[in-house]
Amino acid sequence: MSTKPRNRLVIVNRADPVICGHSVEGRNLAEAALERGFDEVRIVTWPIERLEATGLPLKPLDRMLPYSEGIIVERPEPVGDYKVPDGRYLAGITGRLVELFTDGVPTVCLSLYLSPHTVAVTDAVRAAWSTGLPVNVTTIAEAVGSDVTNVVRSCVDEGHFGAAAHILSSYLAQDHCVAVSEYTRELIIASAAEIDAFHGTRFADQCRERIRISYPAIDTSQYLDLDPDLIDGVLAARGLERDGYVLFLSRLTKAKGVDDLIAGFERTQANERLQLVIAGRGPEAEALRELAAASPLADRIVFLDDVDDAEKPYLMAGCATYVLPSKPRPEFVETFGIALAEKMLAGGGAVITTETGGILEAVGEHAIIVPVDDPNAIAAAIDESLALDPDERLARAARARAFALQFDRGAVFERLFDEAGLLPVRTLA
């Protein structure tokens, strides 16, 4: 006979297998919740076939890391017929949330990505209360960044007041509102202020008063104290050598600046002895492969589209330098930079990046900063990083790791839930 849990955390997001950092954050917060006293954690997300149909960059499905016992991933089936394709899936998620909110278990519900996840939670809470059944749910909405740059900003820019008001009102309807960086918080406030100025609403004041910062949660244990022999073994399996390659590891989109990196690699003095490894998936994969094939250094540029979470730390630790030359784009701005923090935890060569969006919050003073759209600066930064004295390189890596430890999933979870007064009371067995 199963025992009803005393408390539950529900996380609503895209979840694994999406390669995006904030999907992995859902996994990390789920694992931290079990360690911090939640009896049950449920991740409510989308069916894999629906994620595949969107063209999102997915991880290799056959090498997904398992979740700990006590974490249940639910992918509700669509509700209704084929005539309303997207609404069917959202109805499935919302309906499952109503069931979880009315089954008598005290529940905290965390939504990552405002539209549609926070919107779905708002609808589910309203529906749950309308049933007349007992409801004990506390909600947290986290704005991860691209939900603002992709959705809220586009609503503002294109004059879609109703859509913007729907998203912001759903966000503010939650018990707790957080953003993944100060940059994201200010972006939300600025967008809300534009809506207020035009329509006479007061979203900005509410956002300014209520939104606090909760940086993305990272499983730091994956990146610390890596076995040097295992690093060498992982690299050898890929035909790589320690400090023998420049690494890019992220999604392959225009906003990530991979085209600038390829051009910069062509101009670095070290390209005769280094390889450029471009690891990731995304909508620009084919175009970037074509660009690399036309490069005079085509034989030294390697694409990896099957890197999983287990291999990633070793590729990061073994690289001569890691480059993420993000640039602001209408469809996306880097609002934090999870991969940068992960790289600093793994050690190895220097991090080279830009000041785009919230990146400086992720790296502090522990990266070489280059201008956007500047391959010459990227080349110079690569040469600068390779010229570092070995002792200085080790010292810089240690300082970078110490900075990035603040993003440990346990510490992030503790701050987020403690400040909201939502940590379960620990009891002796």
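Two strands count as paired here when DSSP finds at least two bridges between them. Keep that in mind as we walk through this predicted model, beginning with strand β9, residues 275-279, which pairs with β10 in the parallel sense over 4 bridges. Within this pairing, Val277 stands opposite Val302 of β10.

Strand β2 (residues 40-44) runs parallel to β1 and is joined to it by 5 bridges, with Val12 standing opposite Val44 of β2. Strand β4, residues 107-112, also pairs with β1 in the parallel sense, again over 5 bridges, and here Cys109 is the bridge partner of Val10. To see how the chain passes from β1 to β2, look for helix α1 (residues 21-35): β1, α1 and β2 make a right-handed β-α-β unit.

How buried is β1 itself? Of the 5 residues in this strand (residues 8-12), 5 are buried, so β1 is largely enclosed by the rest of the structure. In a regular strand the side chains alternate between the two faces of the sheet. You can follow this along β1, where Arg8, Val10 and Val12 point one way while Leu9 and Ile11 point the other, and all of them are buried.

Arg14 lies over the face of Tyr113, 4.9 Å from the ring centre. Elsewhere, Arg251 lies over the face of Phe332, at 4.9 Å from the ring centre.

Aromatic rings make a fitting last stop. A search of the whole structure finds 7 aromatic pairs. One of them is formed by Tyr215 and Phe336, a tilted pair at 5.5 Å centre to centre with 40° between the planes. This pair links distant parts of the chain, 121 residues apart: Tyr215 sits in the loop between β7 (211-213) and α9 (228-237), and Phe336 in the loop between β11 (321-324) and α13 (338-346). Phe336 has a relative accessible area of 1%, so it is buried, given that the term covers values under 20%. Another pair, Phe413 with Phe417, is stacked, at 4.0 Å centre to centre and 15° between the planes. Both of these residues lie in helix α17 (residues 409-419), 4 residues apart, or about one turn of the helix, and both are buried. Returning to Tyr215 and Phe336, you will find that ring pairs link them with Phe403 and Phe407 into a cluster.

Methods. Residues numbered from 1 in each chain as written. Predicted model: local features only at pLDDT ≥ 70, side-chain atom pairs only at ≥ 80, totals over all residues. Heavy atoms only, no water. Buried < 20%, exposed > 50% of the residue type's maximum accessible area, 1.4 Å probe, protein only. Helix = DSSP H or I, 4+ residues; strand = E, 2+ residues; numbered from the N terminus. Right-handed = clockwise from strand over helix to strand, strands pointing away. Phe/Tyr/Trp six-rings, centres within 6.5 Å; stacked < 30°, edge-to-face > 60°. Lys NZ or Arg CZ within 6 Å of the ring centre and 35° of its normal.
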